[in-house]
Amino acid sequence: PTTTQNPQRVLLKLSGEVFGGGEVGLDPDVVRGMARQIAAAARSGVQIAIVIGGGNFFRGAELQQKGMDRVRADYMGMLGIVMNCLALQDFLEKEGVDTRVQTAITMGQVAEPYIPRRAIRHMEKGRVVIFGAGMGMPFFSTDTVAVQRALENKCDVVMVAKSGVDGVYTADPKTDPTATKIDVLHYDEAVEKGLRVMDQTAFALCGENKLPMVVFGMEGEGNITRALQGEKIGTLVTV
Ligand code: UDP
């Protein structure tokens with residue numbers, strides 16, 4: 001598909017940073033706000049899968065710079081992600097939405113293991129599925145996980161919620177006043193122009209598999225709901 005109108009099943013990528021409200025740890029008010037918006041979309045019948053980052057707790061590369069072993073630091077990053085997943089699950093359930101967390105690192109007391117066919121069944125039954133612990137492998141980013149999970153679980157589109165920016169721009173809007181927002185961007189164009197939308201592995205995986213992606217700003221009122229419902233918002237990246 002090259003359009004995102006009336007998506008049946010959507011993968012939403014939320015960065016971990018947002019969960020912390022700009023600080024280390026969790027800001028429950030922020031999580032509650034996101035849960036309300038996701039719940040509204042779920043009630044309207046969209047099937048939803050979610051991948052969350054962990055930047056509000058640990059980033060492997062940063063801990064490595066401070067002297068830690070990268071692999072161990074990445075595992076800490078993945079465990080941080082799981083805390084974000086549990087927080088979002090909690091607030092979604094308070095909104096009356098059924099949810100399942102599935103983690104790439106098994107921890108049976110806390111969440112289901114990652115089983116794609118089961119995840120699809122959950123979504124068909126109206127449950128929101130939250131994929132936690134990244135890919136379960138060091139050296140990957142949650143951007144890449146978002147694309148991989150979307151492909152494997154047959155989502156129609158990846159919706160990337162950004163904080164502080166409302167789409168893809170021709171240049172960095174923070175430093176270049178001539179930068180303008182792009183409505184529709186083609187994968188090859190993005191590569192040619194050197195526009196960094198997601199990390200390169202994630203972006204390549206998305207392009208190669210012709211998976212449409214929408215990059216949107218999560219700050220506007222109801223933006224997450226609107227994106228999940230397929231309203232035209234942010235920048236559409238397509239083949
Ligand atoms: N991580 C990993 N493998 C994965 C996903 C995440 O090792 O498949 C680790 C990595 O250390 C990363 C951290 O988890 O820095 C948090 O994820 P990320 O930085 O992507 O979160 P975000 O920037 O979206 O908040």
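Biologist: Which element gives the most to the shell around the ligand?

Modeller: The model is a predicted one. In it, α4 gives the most to that shell, with four residues.

Biologist: How many residues surround the ligand, and which are the closest?

Modeller: The ligand is surrounded by 21 residues, and the closest are G53, G55, G60, G77 and G134. Two or more residues of the shell come from each of α1 (16-19), α3 (60-65), α4 (70-94) and α6 (142-152). By class, the shell holds eight nonpolar, ten polar and three charged residues.

Biologist: UniProt lists K13, L14, S15, G16, G55, R59, Y169 and D172 under "binding site" in an unreviewed entry. Why do they not all gather at one spot?

Modeller: These positions span 160 residues in sequence, and their farthest two C-alpha atoms are 25.8 Å apart, so they do not all gather at one spot.

Biologist: The unreviewed UniProt entry also has a "binding site" annotation that covers G54, D74, M135, G136, M137, P138, F139, F140, S141 and T142. How do you know that they gather at one spot?

Modeller: Although they span 89 residues in sequence, no two of their C-alpha atoms are more than 14.0 Å apart, so they gather at one spot.

Biologist: Why is K13 called buried?

Modeller: The label requires 20 or more other C-beta atoms within 10 Å. K13 has 25 such neighbours, and therefore counts as buried. K13 lies in strand β1 (residues 9-14). Its contacts beyond four places in sequence include V51, T142 and D143.

Biologist: Why is Y169 called partly exposed?

Modeller: A residue is exposed at 12 or fewer and buried at 20 or more, with partly exposed in between. Y169 has 17 other C-beta atoms within 10 Å, and is therefore partly exposed. Y169 is found in the loop between β6 (157-162) and β7 (184-186), and its contacts beyond four places in sequence are A179, T180, K181 and I182.

Biologist: What makes P138 partly exposed?

Modeller: P138 has 16 other C-beta atoms within 10 Å, so P138 is partly exposed. P138 sits in the loop between β5 (128-132) and α6. Among the residues that P138 touches beyond four places in sequence are G60 and D74.

Note on methods
Residues are numbered from 1 along each chain as its sequence is written. This is a predicted model: local features need pLDDT of at least 70, side-chain atom pairs count only at pLDDT 80 or more; totals for chains, interfaces and linings use all residues. UniProt positions are given in the numbering used here, feature names are shortened, and annotations may be inferred rather than shown by experiment. Two residues are in contact if their C-beta atoms, placed from the backbone, lie within 7 Å. A residue is near a molecule or strand if its C-beta atom, placed from the backbone, lies within 6 Å of it. Ala, Val, Leu, Ile, Met, Phe, Trp, Tyr, Cys and Pro count as nonpolar, Asp, Glu, Lys and Arg as charged, and the others, Gly among them, as polar.
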